[in-house]
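Biologist: Please take a close look at the charged and aromatic side-chain pairs in this model. Which residues pair, and where do they sit?

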Amino acid sequence: MAAIAYAPGSTMTRRSVLAGGGAAALAAVAAAGGTRLPRIVDALGGPTVPAYLRRSSFTGLVGDRFELSAGNARTGSRLVAVDDLGSGPQMRALAGSDDAFALVFRDQSGRPRLGQDEMTLTHAKLGRFRLLVTPVGRARGGQDYVAVINRAPVPRRRGGIHGRAVPR
């Protein structure tokens with residue numbers, strides 16, 4: 001394996017080499033079509049989060065129609081609520097968070113209930129995206145469905161093996 005020569009006084013640093021490599025990788029992905037670019041940028045700490053994973057994208061859409069589909073089964077539903085995730089102490093800390101919320105949809109079409117599945121949701125403004133959707137209860141004259149989005153960081157506590165942080 002050949003060693004890389006480093007000249008004293010050079011402006012090349014380990015940081016600049018790593019940053020250049022990351023930029024080159026992003027450029028290669030973008031040149032290849034860039035279909036996964038937002039996920040890669042987000043994984044590298046960038047600000048890109050798809051709109052369908054932010055509460056703020058849904059709060060103004062309550063009452064709007066969404067199509068839910070899984071395989072050949074589909075139904076038209078209305079978004080009836082954008083809710084917080086519960087009432088426990090940890091959930092109360094996330095109240096109103098853009099990262100942790102539940103979407104409640106109501107289908108009053110009378111079609112057979114869809115089972116829990118990763119569904120494709122389609123909306124006029126948000127486009128098409130996939131979420132895990134679960135049927136819950138029965139609404140008057142219809143069926144409710146819920147999708148939970150939780151991108152909140154996992155709280156860590158000390159303990160476990162050798163005092164390392166472990167998920168709660």
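Modeller: What follows starts with the chain as a whole and then goes through the pairs one by one.

The model is predicted. The protein chain has 3 helices and 8 strands. From the N terminus, their order is α-α-β-β-α-β-β-β-β-β-β. Buried residues account for 25% of the 168 residues. The chain exposes about 11,300 Å². Carbon and sulfur atoms supply 54% of that area. Take the contacts between residues at least 6 apart in sequence: 50% of them join residues at least 24 apart.

Now the charged pairs. Side chains of opposite charge can pair when their charged atoms come close. The count here is 5 salt bridges. Three of them are described below, one at a time.

Start with Arg 55 and Asp 84. Their side chains form a salt bridge, with 2.7 Å from N to O. Arg 55 lies in the loop between α2 (37-43) and β1 (65-70). Asp 84 lies in the loop between β2 (73-83) and α3 (89-92). The pair therefore ties together parts that are 29 residues apart in sequence. Asp 84 has 37% relative accessibility and counts as partly exposed.

Next come Glu 67 and Arg 74. They form a salt bridge whose closest N and O atoms are 2.9 Å apart. Glu 67 is partly exposed, with a relative accessible area of 21%. Arg 74 is also partly exposed, at 40% relative accessibility.

Asp 144 sits in strand β6 (residues 142-150), and Arg 106 sits in strand β3 (residues 100-107). So this pair ties together parts that are 38 residues apart in sequence. Asp 144 is buried, with a relative accessible area of 12%. Arg 106 counts as partly exposed, at 28% relative accessibility.

Now the rings. A pair of aromatic rings is described by the distance of the centres and the angle of the planes. A search of the whole structure finds 5 aromatic pairs. One of them is Phe 58 with Phe 129. Their ring centres are 6.3 Å apart, and their planes meet at 70 degrees. Planes over 60 degrees apart count as edge-to-face, so this pair is edge-to-face.

Where do the two rings sit in the chain? Phe 58 lies in the loop between α2 and β1, and Phe 129 lies in strand β5 (residues 127-139). The pair therefore ties together parts that are 71 residues apart in sequence. Phe 58 and Phe 129 are both buried.

Phe 58 and Phe 129 also belong to a cluster linked by ring pairs.

Arg 55 pairs with Asp 84 through a salt bridge. Phe 58 pairs with Phe 129 through its ring.

Conventions. Residues numbered from 1 in each chain as written. Predicted model: local features only at pLDDT ≥ 70, side-chain atom pairs only at ≥ 80, totals over all residues. Heavy atoms only, no water. Helix = DSSP H or I, 4+ residues; strand = E, 2+ residues; numbered from the N terminus. Buried < 20%, exposed > 50% of the residue type's maximum accessible area, 1.4 Å probe, protein only. Contact = heavy atoms within 4.5 Å. Areas by Shrake-Rupley, 256 points an atom, 1.4 Å probe, with all protein chains shown as cover. Salt bridge = Lys/Arg side-chain N within 4 Å of Asp/Glu carboxyl O. Phe/Tyr/Trp six-rings, centres within 6.5 Å; stacked < 30°, edge-to-face > 60°.
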